[in-house]
Amino acid sequence: MNKKYRINFFVHHLLMVMIFSATIFVHAQEKVNVTNSDSTKKILRLWYNEATPNTDKGWVNRSIPMGNGYMGVNVFGGTATERIQITENSLYDNGEKDKGLKRRGLNNFAEVFIDFNHNKIKDYKQELNLNKGLSFVEYENDGVKYKREYFTSYPDKVMAIRLSASKKGALSFTLRPTIPFLGEGKSGSISAKGDVITLSGIMEHYKIMYEGQFKVIPEGGNLKTNKNGTIDVSDADNAVILIAIGTNYELNSQVFLTEDTAQKLAGFPDPHKKVTSYLEDAAAKSYDKLLKNHLADYTELYGRVNFDLGAVEPNIPTNQLVDIYPNKASSKYLEELAFQYGRYLLICSSRKGSLPPNLQGIWNVYQRPPWSSKYLHDTNVQMAYAPVFSTNLSELFESYTDYFKAFEPRQRLYATEYVNQYNKSQLDPNGDNGWSGPFWSSPYDVPGKNKVAGFGTGSWIGLLFWDYYDYTRDTDLLEKKVYPVIYEQANFVSRFVTNTEGILLANPSSSPEQKLRNTVGTTFDQQMFYENHHNVIKGAEVLERSDARLSTFETQLPLLDPIHVGKSGQIKEFRQEGFFDDLGDPSINKIIDTNHRHASMLLGLYPGILITDKTPAWLDAAEVSLIKRDHKTNIGWARAERIAMWARVHDGEEAYSYYQELLGENYMHNLFNDHRGGQLFQADANYGATAGVAEMLLQCQDYVISPLTALPKAWSEGSYSGMLARGNFEVSAAWSKGQANEFKVLSKSGGVLEFRYPNVSKAMIKTSEGKKVKFTQKDSDQVSIETIAGKTYVINAIPQYIPVASPSKLKIENNENQIKLSWNASKDAVSYNIYGAVGNASDYKLIASKIVDTDFNYNTSDLKQFSQMTFKVKAVRNDGRESDKGATAIYLLP
């Protein structure tokens with residue numbers, strides 16, 4: 001891949017595509033509409049004017065990824081020879097003794113070649129159409145136009161390829177599947193009979209039986225089966241190839257509870273019957289029927305959300321589009337494309353009945369993939385599912401819930417072991433000690449505690465389960481799948497934490513992948529514990545439960561002490577922090593990395609709901625941490641996570657800058673994320689970037705739906721539809737010149753809709769039928785609506801919002817019993833309000849109002865009781881509106 005450099009660029013004012021329904025509204029003499037119609041959506045595609053190089057570098061940088069949960073596929077699009085590489089996520093090898101980056105683990109299932117011997121090529125094009133989940137190859141050879149169409153069908157569990165030629169009798173090819181990496185613990189053979197090639201074998205370490213079947217269905221011409229396990233087709237008009245694969249792996253607790261690796265799959269049936277059934281059932285249907293089934297399944301998921309920045313499809317191939325980003329008008333198209341690409345990959349890689357996506361999603365070409373293609377629960381698994389709820393793909397989480405159900409019994413045994421080891425007085429002798437969180441896992445193993453990350457990983461898993469309910473509001477789901485998981489996680493945590501000077505702390509505790517390990521009460525663990533306890537209590541209220549340990553959780557919740565504000569005004573990562581870089585100072589044997597890829601002390605900001613607009617002092621401290629973490633990381637998923645975190649502190653420009661860095665420096669020509677250079681693929685940033693953009697467009701972490709709170713200036717015009725918010729509200733928006741024109745909110749479960757946007761109380765609010773809606777006004781920017789399930793609420797005619805300029809550069813001077821504050825003026829201010837937050841307080845208290853000067857003396861007789869205090873000054877305009885942001889500074893006791 002060509003090296004791409006970050007470059008400054010001018011904002012291009014693009015005409016947005018006019019998408020339209022019956023409702024018309026006017027704002028600033030412009031018409032912009034919210035729609036969900038498939039017919040009006042632009043085509044988002046990756047395309048190329050040459051085939052993917054037939055190398056591993058070509059695989060990672062240019063091959064087209066496809067998948068249906070049961071298999072991951074990479075299509076090269078060759079003309080002399082087509083190469084199709086297939087991954088199956090349970091085909092695993094022993095990597096226990098391997099060290100370093102590349103380790104045995106997930107293996108390459110099959111390399112499939114189709115020989116055409118076409119070498120006089122013109123008008124070549126390879127394409128992946130995201131709207132339909134279809135891939136194409138088209139070209140001309142010797143005056144004949146050839147076309148191949150590919151899709152991976154979830155409902156029919158096969159890959160289908162249709163090959164056609166513009167001239168009857170002009171299609172000839174040889175199909176030859178191969179088994180990569182035979183030997184060294186992998187055996188197998190290939191045979192052909194009739195119109196089917198069968199590939200089968202065993203991975204020795206876990207005794208995995210694997211099988212793939214490849215059926216060729218030609219129209220016209222001749223078919224010949226060869227002894228070497230290949231099939232020749234000659235002089236056909238067109239042909240269809242169907243591919244089905246499988247192993248004897250099952251998501252069953254036996255796999256994780258059995259210590260003997262050779263017995264983990266004992267008793268599970270040979271995959272032959274299953275794979276044969278997949279293939280025969282598919283072959284009984286016409287190609288058009290298979291395609292129809294695929295499109296019905298795929299487009300129902302993908303088509304729920306549309307995101308349009310008004311970009312016009314560029315006339316250059318995707319590799320060039322990536323290389324020139326962001327210095328052309330086509331940048332907006334790449335930004336739209338990357339958002340939907342993350343959703344596409346999730347649809348391909350996370351389907352019920354299959355394993356969830358790992359570090360590489362469902363795509364691996366190697367014998368020794370990066371970090372064995374494991375599941376890491378200290379951010380990577382969570383990043384994979386970061387967009388699953390907000391971008392309206394909730395049922396895709398079922399893949400993980402089934403995986404969790406299989407490994408949870410093993411984690412229950414660990415929980416009893418750890419409570420006995422670390423807090424024996426709280427041990428339940430009958431084993432009722434909940435389940436503990438893992439650090440890493442595979443399809444076959446979940447090892448015990450690892451000092452690289454604390455036990456907060458379990459509560460982070462619990463947060464994913466809670467969000468599954470919180471976005472869907474399915475109480476049956478809450479009762480049967482969510483509540484049992486988060487309750488038993490709280491059960492473990494409640495027994496594990498120890499009383500330390502009146503608060504309950506994790507001991508031992510580690511902040512993920514930092515150098516300081518096995519300490520006490522890291523913010524990572526404490527925040528995650530707090531989030532899970534809080535959610536269990538809320539869930540119990542919804543279900544009207546009175547389980548035995550609920551009262552314990554309620555007592556413990558305020559003692560979990562999740563947030564500490566440091567002397568730099570930051571959210572501390574470690575309790576022993578003072579200033580932000582104290583523990584990172586090389587002069588004191590630097591024991592943490594202050595620019596670390598993980599920002600684990602901010603998980604209460606994102607993806608958690610602990611730090612929100614309802615905790616403004618913590619929100620400001622989180623912003624300080626983000627500023628000081630800086631842009632020094634080049635890790636793809638870390639940049640993706642920063643998009644979302646900056647969005648949560650309502651800074652669209654910073655969020656956008658990380659999106660630009662990710663697209664410009666990490667995304668390869670097929671949009672795979674290059675983890676850290678050297679073309680090292682990890683899928684987590686692809687998923688995470690989509691989630692980050694979703695946060696820029698819509699937030700709901702404080703249970704108030706807040707659209708466009710982190711909209712960058714570069715996205716001054718646009719629209720989206722179908723985004724999902726907590727409470728099961730589906731939200732659509734349109735805006736121009738940076739101002740909202742219209743919102744539509746579909747209430748899918750009923751209940752109270754809390755909605756925040758500047759001047760929304762002065763807007764027109766009606767049902768989609770045009771009936772005026774009653775609402776309660778909290779203030780000019782927030783309204784509350786009693787909604788009816790199935791009704792859509794339309795908000796338009798929103799008065800223009802002009803933000804109030806903030807004051808800046810707040811300074812503090814210390815005198816005895818007096819603190820002098822001074823600041824730079826706001827151009828809009830007629831007065832200022834001054835606030836203070838003492839110590840670790842989550843909220844500010846008003847100290848003074850209607851201050852007309854740019855300085856203020858804060859007098860108190862007991863100043864020495866405040867070892868630390870955060871001051872904040874906000875500007876007030878003549879219409880009474882405060883500035884959104886303010887100037888902050890920290891007072892420290894001398």
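**Strands, hairpins and helices in a predicted model**

In strand S4, the bridge partner of Val-75 is Ile-84. This pairing belongs to a predicted model, and it is one part of the contact between strand S3 and strand S4 (residues 81–92), which are joined by four bridges and run antiparallel. The hairpin formed by S3 and S4 has five residues between the strands, and within this hairpin Gly-77 takes a positive phi near 75 degrees.

Strand S3 (residues 72–75) also pairs with strand S2 (residues 64–67), again in the antiparallel sense and over four bridges. Here Met-66 stands opposite Val-73 of S3. Four residues lie between the strands in the hairpin of S2 and S3, where Gly-69 takes a positive phi near 85 degrees. In a regular strand, side chains alternate between the two faces of the sheet. In S3, Gly-72 and Asn-74 point one way, whereas Val-73 and Val-75 point the other way, and all are buried.

Four bridges connect S28 to strand S31 (residues 792–796) in the antiparallel sense. Within this pair, Thr-767 has Tyr-793 of S31 as its bridge partner.

An open sheet is formed by four strands in the order S35-S34-S37-S38, with antiparallel pairing. Strands S35 (845–851) and S38 (887–892) stand at the edges; each has a single partner strand, so one side of each is left without a neighbour in the sheet. On average, neighbouring strands of this sheet are turned by 20 degrees against each other, direction ignored. Strands of a sheet pair through backbone hydrogen bonds, either parallel or antiparallel. Strand S34 (residues 831–838) and strand S37 (residues 868–876) run antiparallel and are joined by eight bridges. Tyr-835 has Lys-872 as its bridge partner in S37.

A further strand, S19 (residues 440–441), contains Ser-441. Ser-441 counts as buried because its relative accessibility is 0%, the cut-off for burial being under 20%. Its side chain makes a polar contact of 2.7 Å with the side chain of Tyr-403. When residues up to four places away in sequence are not counted, Ser-441 touches Lys-374, Tyr-375, His-377, Tyr-403, Val-446 and Pro-447.

Two helices were also examined. Helix H10 (residues 475–496) has 22 residues and reaches 29 Å from its first C-alpha to its last, close to the 32 Å expected at 1.5 Å a residue. H10 bends by about 50 degrees at Val-482, and a proline, Pro-484, follows within four residues. At the start of this helix, a side-chain oxygen of Asp-474 reaches to within 3.0 Å of the backbone nitrogen of Asp-476. H10 is mostly covered, with 16 of its 22 residues buried.

Helix H11 (residues 523–543) has 21 residues, which at 1.5 Å a residue should span 30 Å; the end C-alpha atoms are 30 Å apart, so the two values agree. H11 is likewise mostly covered, as 16 of its 21 residues are buried. Just after H11, Glu-544 takes a positive phi of about 55 degrees.

Key: Residues numbered from 1 in each chain as written. Predicted model: local features only at pLDDT ≥ 70, side-chain atom pairs only at ≥ 80, totals over all residues. Heavy atoms only, no water. Pairing = 2+ DSSP bridges. Axes fitted to C-alpha atoms, helices over the stretch in contact; angles between N-to-C directions. Expected span 1.5 Å × (residues − 1). Bend = angle between axes of the 7 residues up to and from the residue. Buried < 20%, exposed > 50% of the residue type's maximum accessible area, 1.4 Å probe, protein only. Polar contact = N/O pair within 3.5 Å; in protein donor to acceptor, adjacent residues only side chain to side chain. Contact = heavy atoms within 4.5 Å.
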